[in-house]
Amino acid sequence: MPENEAASCPATGLSERDSAILDFEREWTRHVGAKEEAISSQFHVSSARYYQMLNAVIDSPAAVRYDPMLVSRLRRSRDNRMRTRSVRSPHHDEELTD
């Protein structure tokens with residue numbers, strides 16, 4: 001984003017940080033090294049915190065306006081991981097009823 005633009009993009013409603021997160025997800029494979037190292041270097045947060053921020057961003061309507069295909073792919077990926085985790089847990093239903 002150009003330096004003279006405000007902290008959020010009026011067209012999408014995303015903050016600079018949120019749009020940077022989406023841009024990073026779109027292009028992270030171009031970074032040298034592991035994704036975790038690139039996250040730390042670019043955002044100065046742990047990987048766990050980054051993924052918390054990413055999940056919040058992709059749940060926002062503003063993110064869909066910013067890049068609908070990317071957000072759709074990221075949501076699908078997240079949903080698949082969640083389904084896989086619940087299937088792998090053999091006592092998942094028992095834990096819920098105890």
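**Helix packing, a pocket and a salt bridge**

In α2, Lys35, Glu36, Ile39 and Phe43 meet Ser47, Tyr50 and Tyr51 of α3, where contact means heavy atoms within 4.5 Å. The helices are DSSP runs (H or I, at least four residues) numbered from the N terminus. This contact of α2 with α3 divides into four nonpolar, one polar and two charged residues; Ala, Val, Leu, Ile, Met, Phe, Trp, Tyr, Cys and Pro count as nonpolar, Asp, Glu, Lys and Arg as charged, and the others, Gly among them, as polar.

The model is predicted: local features need pLDDT of at least 70 and side-chain atom pairs pLDDT 80 or more, while totals for chains, interfaces and linings use all residues. Residues are numbered from 1 along each chain as its sequence is written, and side-chain values use heavy atoms, with hydrogens and water left out.

Helix α2 covers residues 35-43, and its axis lies 9 Å from that of α3 at an angle of about 80°. Axes are lines fitted to C-alpha atoms, for helices over the stretch in contact, and angles between N-to-C directions run from 0 to 180 degrees. The two helices α2 and α3 are therefore roughly perpendicular, a label for angles of 65 to 115 degrees.

Helix α1 (residues 16-27) and helix α5 (residues 68-88) have axes that come within 11 Å and cross at roughly 75°. That makes α1 roughly perpendicular to α5. Leu22, Glu25 and Arg26 of α1 make the contact with Leu70, Val71, Arg73 and Leu74 of α5. By class, this contact of α1 with α5 has four nonpolar, no polar and three charged residues.

Within helix α1, aspartate 23 and arginine 26 are three residues apart, about one turn of the helix. They form a salt bridge, with the closest N and O atoms 3.1 Å apart; the term requires a side-chain nitrogen of Lys or Arg within 4 Å of a carboxyl oxygen of Asp or Glu. The structure holds seven salt bridges.

Helices α3 (47-58) and α5 each supply at least two residues of the lining of the largest pocket. Helix α5 gives the largest share of that lining, seven residues. By class, the lining has five nonpolar, two polar and six charged residues.

Conventions: Parallel < 35°, antiparallel > 145°, perpendicular 65-115°, else oblique.
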